2 protein chains.
Amino acid sequence: MTTAEPTGLRARKKQRTRDALVRVALELFTTQGYERTTVDEIADAVEVSQRTFFRYFASKEEVAFAVQEILEAHYAVVLRGRPAEEGPLEALRNAVFAAWDAIGEAVEEIVPLDLYMRSFQMIESTPALLAAHMRRSTVTEEALAGLIAEREGLDVNTDPRPRVAVAAFSGVMRATGRLWGQGEDPSIEAIRSLTETFLDHLGPALAGSWRTDERRSPPGP
Amino acid sequence: MTTAEPTGLRARKKQRTRDALVRVALELFTTQGYERTTVDEIADAVEVSQRTFFRYFASKEEVAFAVQEILEAHYAVVLRGRPAEEGPLEALRNAVFAAWDAIGEAVEEIVPLDLYMRSFQMIESTPALLAAHMRRSTVTEEALAGLIAEREGLDVNTDPRPRVAVAAFSGVMRATGRLWGQGEDPSIEAIRSLTETFLDHLGPALAGSWRTDERRSPPGP
DNA sequence: TGTCAACTGTCAGTGGCTGTCATTAGTCTT
DNA sequence: AAGACTAATGACAGCCACTGACAGTTGACA
């Protein structure tokens, strides 16, 4: 679905229209804002009817996540390819960094990397899109839990651990993305190191007490 | 905002209108579905104009979360009251169970408890509402992270642990709610025990390897 | 080349949501 | 208790996302 060259002329044309819609939409969204951009504007800019836009994308939101979708699929593939010796959380974590190494190429086939970065920040700062983003992530989480359960040879409906681990992991990843979106450094390095920091704190943050240094009250029982 | 008796007649009338809108909306949503219920229907049933509905609620979604909002505020209060000796995650967890003990009364002042239960399940099973629910939870998470940081005397922008802990905790809580919404037992006891189970697994699920019993492959390094 | 099917445009309509303005109805004087 | 003030509401017009139906166009393929 990403790079697979379509066969016929018709299919190629379709792909071009779709890509154009995504590019133009992201461009308009990031420059003048999501809400202040109408579907008609996007359609007009690509010279198709509004009706056609909705034949490619079920909603105005969907076009904003076209690139994101590719990346998530990519991540799932990478995770599936992680060596079996890695523990669940270890695999989830390593897959993130491994996936990012190849993100550039995958994205750049459709839109400039910089545009994608800005569009991610736009998603994080637009309530309606943030909502859609979160809903989408529940679907992704379910898939990841399934993958982890498979890796470990467990039944996802019996053993809560896959869902719990993925939920915790995803929660942290989302917090990371949110913070990155609010910051001023929209580079891959920035979110990479932020992710590293946050994931490193996952274990310690769940420990009983954080007061191991200069804090006042004594640790509880 | 919950129980505080309004002073004048005007304020009391307003409160009654608002409550009526919530009650009718949830009733209609749960019986015929969220999407198949129009704002006009709700307004007509309460005998106000559609315009008035939108003066009480900024959106059709908002009315669906009116009760939820009360509970979240309640939870925040309970959390703030947890003893300082409790560790962060301990406090988050205990506050959940403590808050539930008082939920019944708080809810019942507006809608029957049973109706609230069904409306929660509706939220979890309606994409548009699930999205709104998730977006709302990001706001709640931010507040909780602030509370935790305060408890521990930390700066939420410097130390990642408050956000990480809350993110992991919230991720698990959301997974719990999701599962409960899909199940067939809409009782408080059901979600209570489910929560207990899931939170109990938070620690173990993040450990390096889960293969401590009858699994096949040997543990990694 | 002609037939078929995929793709697209046009049009009409629904529903969520907003701005505006006139009207109603508590509230607050004096 | 009557009038002035203002919050609350209703009525109306309009924008925009989205959908169904139907007709026209254009690749695909025999």
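**Helices, chain interface and DNA-facing surfaces**

Helix α5 of chain B covers residues 66-80, a run of 15 residues; at 1.5 Å a residue it should span 21 Å, and the 22 Å between its end C-alpha atoms agrees with this. The model is a predicted one. Within α5(B), the buried residues are B:Ala66, B:Val67 and B:Leu79. They pack against five helices of chain B: α1, α4 (60-64), α6 (88-108), α7 (113-125) and α8 (127-152).

Chain A is built from 11 helices and has zero strands. Its pattern along the sequence is accordingly α-α-α-α-α-α-α-α-α-α-α. The C-alpha trace of chain A spans about 70 × 40 × 30 Å along its principal axes. Chain A has 221 residues, of which 29% are buried. Among contacts in chain A with a separation of 6 or more, 57% join residues 24 or more positions apart.

Helix α10(A) was examined in the same way. A:Ile191, A:Phe198 and A:Leu199 are the buried residues of α10(A). Viewed down the helix axis, the buried residues of α10(A) fall within an arc of 95°, so they line one face of the helix. A:Glu189 and A:Thr197 are exposed on the other side of α10(A). The buried residues of α10(A) pack against α6, α9 and α11 of chain A. They also pack against α9 (161-182) of chain B.

The two chains meet through 43 residues of chain A and 44 residues of chain B. On the chain A side, α6 (88-108), α8 (127-152), α9 (161-182), α10 (188-200) and α11 (202-206) each supply at least two residues. Helix α9(A) gives the most, with 12 residues. By class, this side of chain A divides into 21 nonpolar, 12 polar and 10 charged residues.

The largest nonpolar core has 46 residues. The residues with the most contacts inside this core are A:Ala25, A:Ala64, B:Ala25 and B:Ala64. Leaving out residues up to four places away in sequence, A:Ala25 touches A:Ile42, A:Val63 and A:Ala64. Another core, of 44 residues, lies apart from the largest one. A:Ala145, B:Leu144, B:Val172 and B:Leu202 are among its members.

Attention now turns to the DNA. DNA strand D has 20 residues around it, and those that come nearest are A:Gly8, A:Arg10, A:Ser59, A:Lys60 and B:Thr52. From chain A, α1 (9-32), α2 (39-46), α3 (50-56) and α4 (60-64) each supply at least two residues.

Helices α1 and α3 of chain A each supply at least two residues of the surface near DNA strand C, as do α1, α2 (39-46) and α3 of chain B. By class, the surface near DNA strand C holds six nonpolar, six polar and eight charged residues.

Several single residues deserve mention. B:Arg23 lies in helix α1 of chain B. It counts as partly exposed because it has 18 C-beta neighbours inside 10 Å. B:Arg23 and B:Pro112 are 89 residues apart in sequence, yet their C-alpha atoms are 8.8 Å apart in space.

Most residues other than glycine have a negative phi. In A:Glu47, by contrast, phi is positive, near 60°. A:Glu47 sits in the loop between α2 and α3 of chain A. With 9 other C-beta atoms within 10 Å, A:Glu47 is exposed. In chain B, phi of B:Glu47 is likewise positive and near 60°. B:Glu47 is found in the loop between α2 and α3 of chain B. B:Glu47 is exposed, with 9 other C-beta atoms within 10 Å.

Notes:
Residues are numbered from 1 along each chain as its sequence is written. Chains are lettered from A and ligands numbered from 1 in the order in which they are written. This is a predicted model: local features need pLDDT of at least 70, side-chain atom pairs count only at pLDDT 80 or more; totals for chains, interfaces and linings use all residues. A residue is near a molecule or strand if its C-beta atom, placed from the backbone, lies within 6 Å of it. Helices (H or I, at least four residues) and strands (E, at least two) are DSSP runs, numbered from the N terminus. Two residues are in contact if their C-beta atoms, placed from the backbone, lie within 7 Å. Ala, Val, Leu, Ile, Met, Phe, Trp, Tyr, Cys and Pro count as nonpolar, Asp, Glu, Lys and Arg as charged, and the others, Gly among them, as polar. The expected span of a helix is 1.5 Å times one less than its number of residues. A residue is buried if 20 or more other C-beta atoms lie within 10 Å of its own, exposed if 12 or fewer, and partly exposed in between; C-beta atoms are placed from the backbone. The arc is that of the directions from the helix axis to the C-beta atoms. A nonpolar core is a set of buried Ala, Val, Leu, Ile, Met, Phe, Trp, Tyr and Cys residues joined through C-beta atoms within 7 Å.
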